[in-house]
Amino acid sequence: MNSSGKTFVSLFLLVTVLLSNSPRSSALAATASSKPVLKYFDIRGVAETSRILFAIGGEDYDDARYQIDPATFASAAFITAKESGDLKANLNRAPVLVTPNGTTIGQSKAIERYLAKQFNMMGNSDEEGAVIDCIAEHCRDVK
């Protein structure tokens, strides 16, 4: 199989895994609450922007934080979450946002864009949204 064939198969498998995380089949659906749940480590890190967006948007949410052992940087709760399938939609990584209907969204930037749209912070047109997105990406590049 050539390189492009392997790439296609890899992308197909990735999409299959991500799409299999529907609310009906997700272990998280059973724990869906009336408010969103943001799951990340007990540090600022890449989830901090999402926490700030929740604050600006005035939205109540559950801030589920995985405790980290300061000596080893290990997190038993994170390992348990991976083993239980809680992080499957994000390829067993954090952060994830679980919406009130049980949908799991992974990747910090995808979560930020979702929240910005929910809180009407993405402009009034596709062009304004693209400019806002552009500025956000510039900020990420500068970090």
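Rings of Phe, Tyr and Trp count as a pair if their centres lie within 6.5 Å. I kept that cut-off at hand for the aromatic entries below.

**Confidence.** I am working from a predicted model. I looked up the mean pLDDT of the protein chain and found 82. I noted that 77% of its residues reach 70 or more. Over residues 3–30, pLDDT stays under 50. For that stretch the model has 22 contacts beyond four places in sequence. Where pLDDT is low, the predicted coordinates should not be read in detail. I left those contacts alone.

**Aromatics.** I searched the whole structure for aromatic pairs and got 6. I took down the geometry of one of them, Tyr40 with Phe41. Their centres are 5.3 Å apart and their planes lie at 70°. I logged the pair as edge-to-face. I checked burial too: Tyr40 and Phe41 are both buried.

**Core.** Next I looked up the largest nonpolar core, which has 18 residues. Which residues have the most contacts inside it? I wrote down Phe54, Tyr66 and Leu115. I listed the elements that give two or more residues to this core: β1 (37–41), α2 (48–57), α3 (76–84), β3 (96–98) and α4 (108–118). The largest share, 3 residues, comes from β1.

**Leu115.** I checked what Leu115 touches, leaving out residues up to four places away in sequence. I recorded Ser50, Leu53, Phe54 and Leu97.

Definitions and conventions. Residues are numbered from 1 along each chain as its sequence is written. This is a predicted model: local features need pLDDT of at least 70, side-chain atom pairs count only at pLDDT 80 or more; totals for chains, interfaces and linings use all residues. Side-chain values use heavy atoms; hydrogens and water are left out. A nonpolar core is a set of buried Ala, Val, Leu, Ile, Met, Phe, Trp, Tyr and Cys residues joined through side-chain atoms within 4.5 Å. Buried means under 20% relative accessible area, exposed over 50%, partly exposed in between (1.4 Å probe, protein chains only). Helices (H or I, at least four residues) and strands (E, at least two) are DSSP runs, numbered from the N terminus. Contact means heavy atoms within 4.5 Å. Rings of Phe, Tyr and Trp (its six-membered ring) pair if their centres lie within 6.5 Å; planes under 30 degrees apart count as stacked, over 60 as edge-to-face and the rest as tilted. pLDDT is the predictor's confidence in each residue, from 0 to 100.
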